[in-house]
Amino acid sequence: MVAHNNQLPTNHFRKNWKERVKCWFDQPARKKRRRIMRARKAARVFPRPSEGMLRPAVRCPTQRYNMKLRAGRGFTPAELKEAKISCKEAQSIGIAVDYRRINKSEEGFQTNVQRLKLYKSKLLLFPRKAGHPHKGDAKPEELKHVTQLKGQVLPIHTPKEHLAPRPILESERKLKAVMQLRMTRSKVKHVTKYKKNAERKAKIAEEREKTRLKKEDEAKTKKAAPVKGKKEAAPAKGKEAPKKEAAPKKEAPKKEVPKDTAK
C-alpha cells in the first residue's frame with residue numbers, strides 16, 4: 001500500500017504491442033528511390049551543377065556557434081555589386097540572391113566577394129542557341145570536354161588555426177579582464193553622456209581662449225595709445241614716497257630808517 005496522500009499509480013503495462021510498434025522495413029527501398037531521384041535530377045539540370053546554386057559562406061547565429069561557417073541562403077546586393085554582377089544576371093548564371101541579409105563585418109563581406117570572383121573565373125556559359133554565341137559565352141572547343149559538377153559548388157570549410165605555444169607576457173598577467181569588460185560596456189552605454197561632456201569642456205576652453213586673446217589685444221592698444229600728460233607713478237605698497245626738498249626762502253629787503261639828528 002502506498003503511504004501518504006499521493007496520487008494513485010496507474011501504470012499501464014498491458015499494451016497491444018503489435019499495433020503500437022513502428023517498423024522500418026522499407027529503408028532499403030527508400031535508399032534506392034532517393035538514389036534514382038538524384039540521378040534523374042542531375043540528368044534534367046545538365047550541364048548545371050547537380051546540387052544547385054552557389055551559396056555564400058555565413059556564420060552560424062548566436063555566440064555559441066558563431067565560430068562555424070556554413071552555406072547561407074544567398075548573396076547580398078552589396079556583395080554582387082562589389083563583384084560587378086547584377087542581381088538579375090546572378091540568378092541566370094546559378095548564383096543565389098538574398099535581399100534580406102545584411103553585411104555586418106568587412107571580413108565576411110570580402111570572403112563572399114572573393115567567392116563570387118572565383119566562381120566567375122571558373123564559370124563556363126553555354127550559348128542559348130547553338131552556333132549563335134553571345135559575349136561572355138564559352139568557346140565551342142571548351143564545351144566539348146565539359147562534365148557535370150557533382151556535390152556542393154565551391155564547398156565551405158571552417159579554417160582551423162593552430163597557435164604555437166608561447167610564454168605569457170607580463171602585461172597579460174596584470175590585465176584584469178572583468179574590469180576591462182565592465183569599463184568597455186559602461187563606455188558604450190554612456191557614449192552620449194561622454195560626448196556631451198567633451199563638447200562642454202571644449203566650449204569652455206574656447207571661451208577662455210577668446211577672453212585671453214581679448215585681454216592681450218586691450219593691453220596692446222593701451223600701450224600703443226599716445227600719452228597726453230605724464231603722471232607720477234604711485235609708490236609701491238610698503239615703500240615711502242621720496243620727500244621733496246623745500247626751496248630756500250627769499251629774505252625780504254630791510255628798510256633803512258633815518259637816524260634822528262636831534263637829541
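Six salt bridges are counted in this predicted model, a salt bridge being a side-chain nitrogen of Lys or Arg within 4 Å of a carboxyl oxygen of Asp or Glu. Because the model is predicted, local features need pLDDT of at least 70 and side-chain atom pairs count only at pLDDT 80 or more, whereas totals for chains, interfaces and linings use all residues. Residues are numbered from 1 along each chain as its sequence is written, and side-chain values use heavy atoms, with hydrogens and water left out.

**Salt bridges**

- Glu79 pairs with Arg101, the closest N and O atoms being 3.0 Å apart; Glu79 lies in helix H4 (residues 77-82) and Arg101 in the loop between H5 and H6, so the pair ties together parts that are 22 residues apart in sequence.
- Glu79 is buried, with a relative accessible area of 0%, while Arg101 is partly exposed at 22%, where buried means under 20% relative accessible area, exposed over 50% and partly exposed in between (1.4 Å probe, protein chains only).
- Arg166 and Glu172 meet in a salt bridge of 2.9 Å, N to O, in which Arg166 counts as exposed at 55% relative accessibility and Glu172 is partly exposed at 33%.
- Arg212 and Glu216 form a salt bridge of 2.7 Å, N to O, and both lie in helix H10 (residues 191-224), four residues apart, about one turn of the helix.
- Salt bridges that share partners join Glu209, Arg212 and Glu216 into one network.

**Nonpolar core**

- The largest nonpolar core has 14 residues, of which Leu54, Leu80, Ile95 and Leu116 touch the most other members; such a core is a set of buried Ala, Val, Leu, Ile, Met, Phe, Trp, Tyr and Cys residues joined through side-chain atoms within 4.5 Å.
- H5 and H6 are the elements that give two or more residues to this core, helices (H or I, at least four residues) and strands (E, at least two) being DSSP runs numbered from the N terminus.

**Pockets**

- The largest pocket has a volume of about 1,100 Å³, a pocket being an open set of points on a 1 Å grid over the protein atoms alone where a 1.4 Å probe fits, with protein on both sides within 12 Å along at least five of seven lines; the volume is the space filled by probe spheres set on the points, which are joined across faces, edges and corners.
- Its lining comprises 30 residues, counted by an atom within 4 Å of a point, and Ile93, Tyr119, Leu123, Leu124 and Leu125 lie nearest the centre.
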